[in-house]
Amino acid sequence: MKYTLIALLIAFTPLCALAQKHSIYADVGITNVRLLPGGSVTYNYKLTGFLGAGAGFQVHNFFPTITDEHKYVPALYADLRFTTWAKRKNSFISFLDFGWDMYKKDNEYYRDSTSVGFVPHNNGFYNSLGLGYFHKVTKNGGGAYVTLKLMLNWYNYREYSILAEEYDRSLLAASGSIALSIGYKF
Amino acid sequence: MRYIVVLIAIVITFAQCKPDIEMQPTGSYDTLGVTWMTIERSNIIYYFQGTGVKGASIYSDLHEEAYEDLVGIFNPVLPQKLRYFVWTDFEQAKGIFNAPEWSGGFALSKQCVCHVRADISLGHELVHVLAFWADGIAPYTYSRFINEGVAVAFDLEDHDRIEWAKEVLKDFKLNSIKELWNDPQDLTPHELIYPVGGAFMEYMYQQSSRDEYFTLLRNQTITDAELIYGKDRLEELIRNFDNQLGL
């Protein structure tokens, strides 16, 4: 872990020193699913004093759908990031991500007392909302942060009713988990 | 000739694109105040309290698969085809059969009949019937601990039964599983007997020869088990299992 952070520091510090508009957020964290570890790396371009946009990649462990076992799910996403009191040493950050969860679905069926259902497709739509606290360490804006984010995987679910065919339906469903992460902004 | 080739190609293409086989209802059946939609498959005749064909078809697929898996374990020889009643309103069944409030299904093993709520574990009630008729020989003696235990042990659910039993035991005082086995009045709470019995019967399956295990299924009291395993060996098996559970 220590070496990973050092490597990221060496790799990204020169880039970010060139222009404070560009930054990289790298973090590791745990989800509420058996406290298994994961992480994310997000590139951010500062649009205004408090708003930035970018893209990122993450891997976290959670239950992507109602029929899947918990598993590591990689995701690519676009990121919108807001910073309050951006010029101060301590600030709060919030972010909104949209993207693509990549997984191969388990071919299992879900049953309840009147129906059976399954997930027809691999992959899902990724969406997360996070809040965090940032502490500036370097002059060019680098520093440590901690975040708490709610991650949702949106997917299609087909349900067939035993009760009557008119209750058969295709649903947009979401499976969620929470990740607590610590990271460094380069 | 070339038109025939094209036609065959089209037929083959569409044949490959055909979706999963959808079983059509084979009829209906009136009993217990319900008109049941019936689907007869190779292993089980299903009776659905409902008319959703696709849902019932998938449901029967899952149970046919489960049945095939369990046949490999129990080698059942049933006197008649298993009849599986799937209730979408199990409250109604509870009223008719005077089933306990907490139950989600029950088996009339001798008659090869199950009545279930649609969402209970795939294997549980099937095992009651298939274990009853294992090798074509019905049990001579009965113990609720063994009977429910084997149904939980092979319910085809993917969970750690020892961990489940340990979790449940945090809420109950128990010195040894013998207390559950020796319960002629069937007074043990269901919250305790299912998980602990399931873990025990899974453990015994691992520790026994096939002959021993299936003799135990036919002779279920603790006195019977002493004859099957020998008193000392049974004591050791129980002691080891109690230790696993932290008793």
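Here is a short walk through a predicted model with chains A and B.

Residues are numbered from 1 along each chain as its sequence is written, while chains are lettered from A and ligands numbered from 1 in the order in which they are written. Because the model is predicted, local features need pLDDT of at least 70 and side-chain atom pairs count only at pLDDT 80 or more, whereas totals for chains, interfaces and linings use all residues.

Let us begin with chain B. Its C-alpha atoms fill a box of roughly 80 × 45 × 35 Å, taken along the principal axes. Chain B holds 11 helices and six strands; helices (H or I, at least four residues) and strands (E, at least two) are DSSP runs, numbered from the N terminus. Of the 247 residues of chain B, 37% count as buried. A residue is buried if 20 or more other C-beta atoms lie within 10 Å of its own, exposed if 12 or fewer, and partly exposed in between, with C-beta atoms placed from the backbone.

Chain B is divided into domain 1 (22–138) and domain 2 (139–247), with bounds that come from an automatic or database domain assignment. Taken over C-alpha atoms, the centres of these two domains of chain B are separated by 25 Å.

Now look for the sheet of chain B. This open sheet of six strands runs in the order E1-E2-E3-E4-E6-E5, with mixed pairing; two strands pair if DSSP finds at least two bridges between them. Strand E1 (27–31) and strand E5 (105–108) of chain B are the edge strands, each pairing on one side only. Further in, strand E4 (residues 82–87) and strand E6 (residues 113–117) of chain B pair in the parallel sense over five bridges. Tyr84(B) has Cys114(B) in E6(B) as its bridge partner. Helix H2(B) packs on the sheet, where it touches strand E2 (34–40), strand E3 (44–48) and E4 of chain B, and its direction makes about 145° with that of E3(B). For such angles, axes are lines fitted to C-alpha atoms, for helices over the stretch in contact, and angles run from 0 to 180 degrees between N-to-C directions.

Where do the domains of chain B touch? In this contact, 17 residues of domain 1 of chain B meet 12 residues of domain 2 of chain B; two residues are in contact if their C-beta atoms, placed from the backbone, lie within 7 Å. On the domain 1 side, H4(B) gives the most, with five residues.

Helix H5 (residues 144–153) of chain B is worth a stop. Of its 10 residues, 10 are buried, so H5(B) is largely enclosed by the rest of the structure. Those buried residues pack against H4, helix H6 (161–169), helix H7 (178–181), helix H8 (190–207) and helix H9 (210–218) of chain B.

Finally, turn to chain A. The contact between the chains takes 17 residues from chain B and 15 residues from chain A. Helix H2 (residues 53–74) of chain B supplies the largest share of chain B's side, seven residues. The mean pLDDT of chain A is 87, and 90% of its residues reach 70 or more; pLDDT is the predictor's confidence in each residue, from 0 to 100. Among the elements of chain A, strand E9 (residues 143–161) has the highest mean pLDDT (95) and helix H1 (residues 2–18) the lowest (49). Over residues 8–19 of chain A, pLDDT stays under 50. Where pLDDT is low, the predicted coordinates should not be read in detail.
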